[in-house]
Every structure is written in structure tokens, then in C-alpha cells.
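Trainee: Could you take me through one part of this model closely, and spell out the cut-offs as you go? I'd like to follow it on screen while you talk.

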Amino acid sequence: MSTFQAPKGTYDLTPPDSAKFLAVREAIAAPLRDSGYGYIETPGFEDVELFARGVGESTDIVTKEMYTLTTKGGSQLALRPEGTASVLRAALEANLHKAGNLPVKLWYSGSYYRYERPQKGRYRHFSQVGAEAIGTEDPVLDAELIILADQAYRSLGLRQFRILLNSLGDKECRPVYREALQTFLRDLDLDEETRRRIEINPLRVLDDKRADVQKQLTDAPKLRDYLCDACRAYHEEVRALLTTAGVVFEDDEKLVRGLDYYTRTTFEFVHDGLGSQSAVGGGGRYDGLSEMIGGPALPSVGWALGVDRTVLALEAEGVELDLPVATSVYAVPLGDEARRVLFGVVTELRRAGIAADFAFGGRGLKGAMKSANRSGARYTLVAGERDLAEGVVQLKDMESGEQGPVPLADVAAELTKRLG
Ligand code: ATP
Ligand code: MG
């Protein structure tokens with residue numbers, strides 16, 4: 001019989017690498033938790049209409065990348081391709097915006113699904129940590145989110161990332177720009193699909209990665225020149241707040257991002273060590289999204305950082321994470337009586353908060369000591385019949401090699417002291 005493999009474009013996270021993913025998720029979440037963001041979890045699938053409306057009918061995500069399914073009961077669902085629409089849906093459903101405390105600040109962590117062409121840094125099942133601040137229009141909030149993402153990446157030791165910043169305008173000024181851009185684009189030499197895109201979502205053409213397209217875009221009208229006074233002032237305030245916080249960013253007039261719902265502040269975190277999948281995270285303001293999915297006007301801002309690409313970025317920079325040791329103490333029993341006694345000691349250590357593991361399966365001393373080494377434990381406990389008769393266990397410091405007897409009753413206290 002043939003063995004099974006993970007589906008194309010997916011991967012398993014297995015030890016020891018899986019520890020890096022946990023550490024990255026934790027490092028991104030920590031500054032959010034410390035800044036008033038509450039944890040939210042939503043289902044892995046939603047009504048397909050939520051994404052069609054909330055992400056945008058003309059986006060790649062909705063037209064090409066969504067995993068859709070019809071349930072036995074006839075419902076049309078989609079595996080979630082992103083987090084924002086679901087989080088806003090859940091916040092509205094729970095009336096969080098009516099509790100009187102705006103903005104509603106939320107963070108999340110989970111798996112997302114997009115039917116893409118798999119390659120390094122691009123998978124069909126991937127992992128994001130995200131944050132959303134719902135219900136307030138305030139440039140300080142936009143700045144806060146960018147600063148917290150910057151803080152998260154720095155706390156991981158990343159340095160070679162850049163922050164790209166742009167403003168997409170609002171419902172006053174963007175339509176005027178859109179028309180000017182369409183007029184410009186219609187005169188260019190472009191393929192059929194791109195010509196269609198000009199009519200549906202012209203800003204996305206600016207995002208085209210092909211060099212021959214980019215060359216033709218040099219003289220395209222710039223959104224910056226079309227921003228209304230309110231959008232311009234808002235954007236200048238965000239820029240000033242970032243500068244005051246010492247966060248370096250680059251103005252990128254061509255940054256538009258793939259989702260339809262963005263307004264005003266738009267940003268992306270790119271890493272220079274990742275080749276073509278260079279975006280490690282992105283986000284922006286989405287003032288119109290709530291109304292698009294049937295809610296009240298709730299101006300909001302958020303981001304999502306890709307855990308997979310952040311791990312790749314760490315590898316590209318050669319950053320070794322300071323991972324917590326998995327096992328501090330490893331116990332090796334010699335004989336049945338020692339097995340009962342030492343397992344009791346391990347249980348006591350664990351209850352005292354010391355990470356402890358055990359040589360299972362009644363192996364000989366040599367094999368068990370190999371496992372002790374592999375576990376990375378700082379100390380081993382070895383006990384045989386003679387030790388037990390004397391009421392002691394042998395405690396070995398794996399770093400110095402020193403070894404000596406410790407009375408059974410004192411083992412937990414002694415190890416607590418030594419491990420500080
Ligand atoms: P890209 O332009 O690379 O397709 P995107 O604009 O579609 O990215 P977002 O929807 O903004 O990405 O998602 C935020 C982050 O999630 C990205 O910056 C990236 O790190 C990660 N991400 C998005 N799609 C994938 C994927 N298919 N595989 C792995 N990570 C992904
Ligand atoms: Mg994409």
C-alpha cells in the first residue's frame with residue numbers, strides 16, 4: 001500500500017522546527033497583548049458571500065484562490081483566505097462595537113487557505129497572526145499598529161525588513177484618481193486580462209510584477225497628487241507619528257495591495273532576503289468594510305503578518321532564536337523499583353514547574369544516557385538498586401560532568417535551587 005503525503009502546497013510542522021513557529025507567533029502576539037488587544041478566534045470557514053463582499057469580487061483571492069465548498073445541507077462555504085472579514089463579522093455579531101469602548105482592539109492567530117501556485121514562501125495552507133482596531137478613525141491608531149509590528153519583528157532579531165507606506169485616499173478622492181488612472185492605462189500596450197483589470201480594479205494594475213508592465217507605468221498619475229485635504233493631513237500625521245517613534249519607513253506610491261477594502265493608510269513589510277515572496281506582512285485602513293458586509297460605519301485599521309515568511313526571514317538573516325529549553329532534567333531508572341521511584345520524582349519536579357522527562361521502555365544505561373544527551377537536559381538523575389537502598393539518586397550535571405548522590409527527599413529542592 002502506498003503511504004499518504006501532505007496535500008500539495010501544504011506542510012507539516014514537526015519538532016524541532018515547529019518550536020520556531022510557536023516562538024514567532026508568540027513574539028508577534030506579545031506586543032499586541034501588552035497594548036490592549038484582546039484575543040479573538042473565528043471558524044476556519046465562513047459563508048462564501050462574506051469574502052466575496054468583504055475581500056472584493058475582483059480580487060485574486062476571491063476569483064482564483066478561494067477554496068469553496070457546498071455542504072450536504074446546501075450551504076456555500078469557503079475556507080477562510082484571510083482574517084479581517086471574519087474578525088469584523090464576529091465583532092459585529094457579538095456587538096463588541098456597542099459595548100461603548102471604541103476602538104475594539106483584537107488579535108488573532110491561525111491557518112488560512114488559498115489555492116495558489118505553491119513555491120517557497122507561498123503555500124495553500126499558511127499561518128498568520130493579525131490585529132484589527134475597529135471603530136475609530138485616528139492616525140495614532142494606524143501608527144500604533146505599524147509600530148507594534150515593527151516591535152515584534154525587532155524582538156525576534158530581524159533587521160533586514162523595510163516598511164513601505166502609502167495612502168489610498170477615501171471615497172471622496174479615490175474615484176477621481178481612479179478615472180485619471182483608467183484614462184492613462186487604456187492607452188498602454190497590455191494583454192487582455194490586464195485590460196479587463198483596468199475596468200474592474202485599475203489600482204491593482206500598479207501592483208503588476210512584470211517588468212514590461214512596470215516600464216509603461218513610469219508616468220502613471222500618482223495617487224499622492226489626487227489626495228483630498230483630509231486624506232493628505234491624515235497621512236502626514238501618520239508619517240509624523242512614525243518618525244517620532246523612530247520607525248523608519250519608505251513612501252511607496254505604487255503600493256496598493258490586493259484587497260479591495262483598503263482606504264487611506266496602506267503598508268507592507270518586506271524582507272530583502274526572501275526573493276520574490278518578499279512581503280512578510282501587510283495591512284491598512286479599511287473604513288468602508290463594515291458597511292460592505294452589512295454593518296454600521298466603523299472606520300478600522302489592521303494588519304496580518306505571515307508566520308511562514310517570518311520564519312524564512314529569520315533563516316535568511318541567520319537569526320538563532322532564543323528558544324526555551326524543552327527539558328531541564330532527564331531521569332534514567334535502572335530496574336523496576338527505580339522506575340517507580342524515579343517516575344515519582346519526575347512527577348514531583350513537573351508539579352514544581354521544572355521541565356522533566358524520563359527514559360521510558362526499560363532501556364539499558366547506555367541507550368538511556370544517549371536519550372538524555374539528545375533531550376538537551378542540563379541534569380540527569382540516575383538510580384539503581386544500590387542507590388535506592390541508600391535512599392539517594394545520582395545527580396549528574398551534563399555540562400560539567402560532575403556527579404554525586406542526593407538524598408531522595410531533597411532532589412526537588414536541590415534542582416529548583418540549581419536551575420535558579
Ligand atoms: P502576496 O502579494 O505575496 O501574494 P498578499 O498581499 O496576498 O501577499 P496578504 O493577504 O496581505 O498577502 O497576507 C498577509 C501576509 O500573509 C503576507 O504578507 C504573507 O506573509 C502571508 N501570506 C499571504 N499569502 C500567503 C501564502 N499563500 N503562503 C504563505 N504566506 C502567505
Ligand atoms: Mg497573494
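Mentor: Happy to! Let's begin with Pro 16, which is found in the segment before helix H1 (18-33); helices (H or I, at least four residues) and strands (E, at least two) are DSSP runs, numbered from the N terminus. This is a predicted model, in which local features need pLDDT of at least 70 and side-chain atom pairs count only at pLDDT 80 or more, while totals for chains, interfaces and linings use all residues. Residues are numbered from 1 along each chain as its sequence is written, chains are lettered from A and ligands numbered from 1 in the order in which they are written, and side-chain values use heavy atoms, with hydrogens and water left out.

The peptide bond from Pro 15 to Pro 16 is cis, with omega near 0°. Another cis bond, also with omega near 0°, runs from Leu 102 to Pro 103. Pro 103 sits in the loop between helix H4 (84-93) and strand E5 (104-113), and that loop between H4 and E5 also holds Asn 95. Asn 95 is not a glycine, yet its phi is positive, at about 55°. With a relative accessible area of 34%, Asn 95 is partly exposed (buried means under 20% relative accessible area, exposed over 50%, partly exposed in between, with a 1.4 Å probe and protein chains only).

Ser 167 is buried, at a relative accessible area of 3%. A polar atom of its side chain lies 3.3 Å from the backbone nitrogen of Gly 169. That is a polar contact (a pair of N or O atoms within 3.5 Å; within protein, one must be able to donate a hydrogen and the other to accept it, and residues adjacent in sequence count only if both atoms are side-chain atoms). Beyond neighbours within four places in sequence, Ser 167 is in contact (heavy atoms within 4.5 Å) with Leu 223, Leu 227, His 235, Arg 264 and Thr 265.

Arg 264 belongs to strand E9 and has a positive phi near 45°, though it is a residue other than glycine. Its relative accessibility of 7% makes Arg 264 buried.

E9 (263-271) also leads us to helix H6: the buried residues of H6 pack against E9, helix H7 (192-200) and helix H8 (211-216). Those buried residues are Arg 174, Tyr 177, Leu 181, Gln 182, Phe 184 and Leu 185. They cover an arc of only 160° around the axis, so they are on the same side of H6; the arc is that of the directions from the helix axis to the C-beta atoms.

Last, the ligand. Ligand 1 is surrounded by 14 residues, the closest being Arg 114, Glu 116, Arg 122, Tyr 123 and Arg 257 (a residue is near a molecule if one of its heavy atoms lies within 4 Å of it). An N or O atom in the side chain of Arg 114 is 2.8 Å from an oxygen atom of ligand 1. Polar side-chain atoms of Gln 128 and Arg 309 each lie 2.9 Å from an oxygen atom of ligand 1. The protein covers 89% of the 590 Å² of accessible area that ligand 1 has on its own; such areas come from the Shrake-Rupley method with a 1.4 Å probe, and for residues only the protein chains shown count as cover. Strand E6 (125-134), strand E10 (279-285) and strand E11 (300-306) are the elements that give two or more residues to this shell, and E10 supplies the largest share, three residues.
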